[in-house]
Amino acid sequence: MEHPPLLDVAELCKRFPIGRRSWRKGTPAPMVHAVDDVSLVVQRGETLGLVGESGCGKSTLARLLARLSDATEGSIRFAGRELTELPASKFARDPDRARIQIVFQDAGESINPRFTAYDAIADALHHLKGFSGSALRAQVDEAAELCGLPLALWERFPHQLSGGQRARVGIARAIALRPELLILDEPTAALDVSVQVTILKLLERLKTQLGISYIFVSHDLNVVRLLCDRVVVMYLGRIVEVGPAQAVFDAPLHPYTRGLVAAVPRLDGVRSATPRLSGDPRSPIDPDPNACRFHGRCPIGTDRCTAAMPALRSFPDRREVACHFAVEG
Amino acid sequence: MKGLAAPLRHARFVVTENPVTGFALALFILFIVAAVFGPSLAPHDPLASNTAQALQPPSGQYWFGTDQLGRDIFSRALVAARLDIGIAAASVALVFAMGGFAGLASGFFGGWTDALVGRLSDTIMAFPLFVLAMAIVAALGNTVPNIVLATAIINFPLYVRVARAETTTRRDAGFVDAARVAGHRDMGVLLGQVMPNIMPLMVVQMSLTMGYAILNAAGLSFIGLGVRPPTPEWGIMVAEGASFIVSGEWWVALFPGATLMVAVFCFNLLGDGLRDIVDPRRRT
C-alpha cells in the first residue's frame, strides 16, 4: 500500500441491548448485533459503496463512522488517528469533527424546521470553523453555489423548499466544512427519480472538484455501480463481500451478492439463472457465533455453514468474500 | 431589519385574519396599560375611605359604584391589575423556566432524569391543586413571593408534560443528529435546536396558564390566604362584596369579578392567537 488509508476500520462491532439483564437468573440482556466484526478501508479520493438489504446494519455502520454513536468494540482510525478512544459526545467539539461529515437520508427532516436554508448551512461553519459576519456569508455563499442553490432560497424554511432543494441544502451544509470524508446515507432515497439524477451528478462533480472521499450507503445497486470505485456488501451486520464495484456486480462470488444482483429489475426481459432470494433473514438477536448468518436462506449452504462462520478470504483483483464455497471465476 | 419585518407582517396578517385575536390583543394592551399606569389613571384614591359615600350604586362619578367604606370600586379594580397580573406573570415566568427546562431535560436525556422529574410532577398532581397552593401559602407565610411560588408549583406538571412530550418526539429527529455533526454538544442541541421547536406550544401554554394563575392568585386572596386587605386585589374585592349581594348592593362583587373574568378570558384567547404567530408553518 503506497499511501496510508484515510479511514481504516478494524473489527468494528455495535450491539444494542434489548430489555434488561435478568436479576433472578443473572443472564445478561439479549443483544442485537447490528454491526459485527466489520473491517474496511477507504483510500483518499475513493468512493466506497455500502450495500445490503434493509436492516443489515448499513445505516448503523454509517452512524458509527460519522461518530454519531459509539462502537461497542473495534477501532476507527481516521488519517492515522484512533477515534474510538474519544466518546461521540466529546467528539462534537473535536478539531477532526469538521473532517468527517454526513449527509442524511431524509434531507427534509435533517434541517431544523425553525432554521432557514442559510442558517442550516451557516450553523456548522460558525460552530466548528468559527466564521462570523461577512466571512461566514462568503463561506455559505461558496458552498451554496457549489451545490447549485440560488440566493433566492436562502431565507426559506425547509417546508418551503422542494425535495431536491432540501437535498442540496443538506449537501451544502456538509461540504461547506470541506470534509475529507463524506458519508452519504442513502442521499437520494427520498427523492423523485428525475431529481435523483441531478443530485447524483452534483455529488460526482463535488467529489472531483473538492477531492472528498465518499462512503455511499445505498440499496440502489445501479447507482452504486455507477458511482462507486469499490463496494462492500453487508448481510445481517457482517461484510460478506468486498471488491471493485464493476467486478463484484459483474461476477458476484458470494451467494447473497448473486441474489442481490439478480434481484435488480431489468427491462430487457433477460432473467438471470440465479434463483431469487426467498425467506427472511435470521434474527440479529444473539446470533450463533459459529454459523454463517446467511445460512437458511442460502441456496448452496451445507452443514459446514452451521459449524463454522466463514471468514473473509482474499481473491484476485483485490476482492474478499466470506463464504466457504466461493471459487474464482 | 429584515429579520423583524417578516414576523411583524405575519403578526398583522394573523390579527386581521382572525378578529378574535385582535380583540384579545386589544384587551391585553388595555390590561397592560392598567397594570403599568393604573395608580396614576385612577380617578379616586383607591384606599381613601369616605363613609358618607358608602355603597353608592354605579354613577357618572363612581363608574363601578363604591364599597362599604365608600372607596371607588373602579379605581380599586384598576389599581389591582398591577398586583394580580404581576403575580400571575411572575409565577408563569418562574414555572416556564423550571417546568420547561425540567421537561426538556427529562424528554431529551430520559433515564433517571426522566424518572426523577416524572415522579416529582406525579407527586404534585396527587394533590388537589388549589388545596396544595393553600397549603404552601399557609406553611410558608402570607406574602406575595409565596403566592407566586405556590402558583408556579401547581402549574409545574403542566409545563413538564408539554415540554417533555414535545421533546421526546424531536429527540431522535434528523436535525438533532445534524446538529451534533455540526459540533453541538448535548446542552447546545437541547437549548439551541430542540427548545426553539417547542417554544410555540410553550408560549400557548404560558398564555393559557396565565389566566389560570390570575384565578389562583385571586382565589387564594378570596379565601383570605393571599394578599391582605385593604390592598386592592380582585379576589379580596369579590370576597368583600359577596355579603352585600343579598342586600342588593350587587356592584360591589360584580365589577371586580367581571374584571377578573375578562382578564382570564383575554389571556386564553391570546394563547390561541400567539400559536398562529409563532408557528413558522403558517408563515407563508
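Predicted model: local features only at pLDDT ≥ 70, side-chain atom pairs only at ≥ 80, totals over all residues.
With 26 C-beta neighbours inside 10 Å, where 20 or more are required, Ala179(B) counts as buried.

**Around Ala179(B)**

- Leaving aside residues up to four places away in sequence, Ala179(B) touches His184(B), Val189(B) and Gln193(B).
- Gly192(B) is 13 residues from Ala179(B) in sequence, and the C-alpha atoms of the two residues are 9.2 Å apart in space.

**The contact between chains A and B**

- The contact takes 22 residues from chain A and 17 residues from chain B.

**A bent helix in chain B**

- Helix α2 of chain B, which covers residues 19-41, has 23 residues, yet its end C-alpha atoms are only 28 Å apart, short of the 33 Å that a straight helix would reach at 1.5 Å a residue.
- A bend of about 55° is found in α2(B) at Ala35(B), and the proline Pro39(B) follows within four residues.
- The buried residues of α2(B) are Thr21(B), Ala24(B), Phe31(B), Ala34(B) and Gly38(B).

**Chain A as a whole**

- Chain A contains ten helices and twelve strands.
- The radius of gyration of chain A is 21 Å, close to the 20 Å that the globule rule gives for 329 residues, so chain A is as compact as a globular protein of that length.
- The C-alpha trace of chain A spans about 65 × 60 × 45 Å along its principal axes, and 44% of the 329 residues of the chain count as buried.
- Among the contacts in chain A with a separation of 6 or more, 63% are accounted for by residues 24 or more positions apart.

**An open sheet in chain A**

- Four strands of chain A form an open sheet in the order β2-β1-β4-β5, with antiparallel pairing.
- Strands β2 (31-42) and β5 (81-82) of chain A stand at the edges and have a single partner strand each, so one side of each is left without a neighbour in the sheet.
- Strand β1 (residues 7-17) of chain A runs antiparallel to β2(A), and eight bridges join the two; in β2(A), Val41(A) is the bridge partner of Asp8(A).
- Helix α1 (residues 58-65) of chain A packs on the sheet, where it touches β1, β2 and β4 (73-78) of chain A, and its direction makes about 60° with that of β2(A).

**A covered helix in chain A**

- Helix α5 of chain A, which covers residues 163-175, has 13 residues that should span 18 Å at 1.5 Å a residue, and its end C-alpha atoms are 18 Å apart, which agrees.
- Most of α5(A) is covered, since eleven of its 13 residues are buried, including Gln165(A), Arg166(A), Arg168(A), Val169(A), Ile171(A) and Ile175(A).

Key:
Residues numbered from 1 in each chain as written. Chains lettered and ligands numbered in written order. Pairing = 2+ DSSP bridges. Contact = placed C-beta atoms within 7 Å. Axes fitted to C-alpha atoms, helices over the stretch in contact; angles between N-to-C directions. Rg over C-alpha atoms; globule rule 2.2 N^0.38 Å. Buried ≥ 20, exposed ≤ 12 C-beta atoms within 10 Å, placed from the backbone. Expected span 1.5 Å × (residues − 1). Bend = angle between axes of the 7 residues up to and from the residue.
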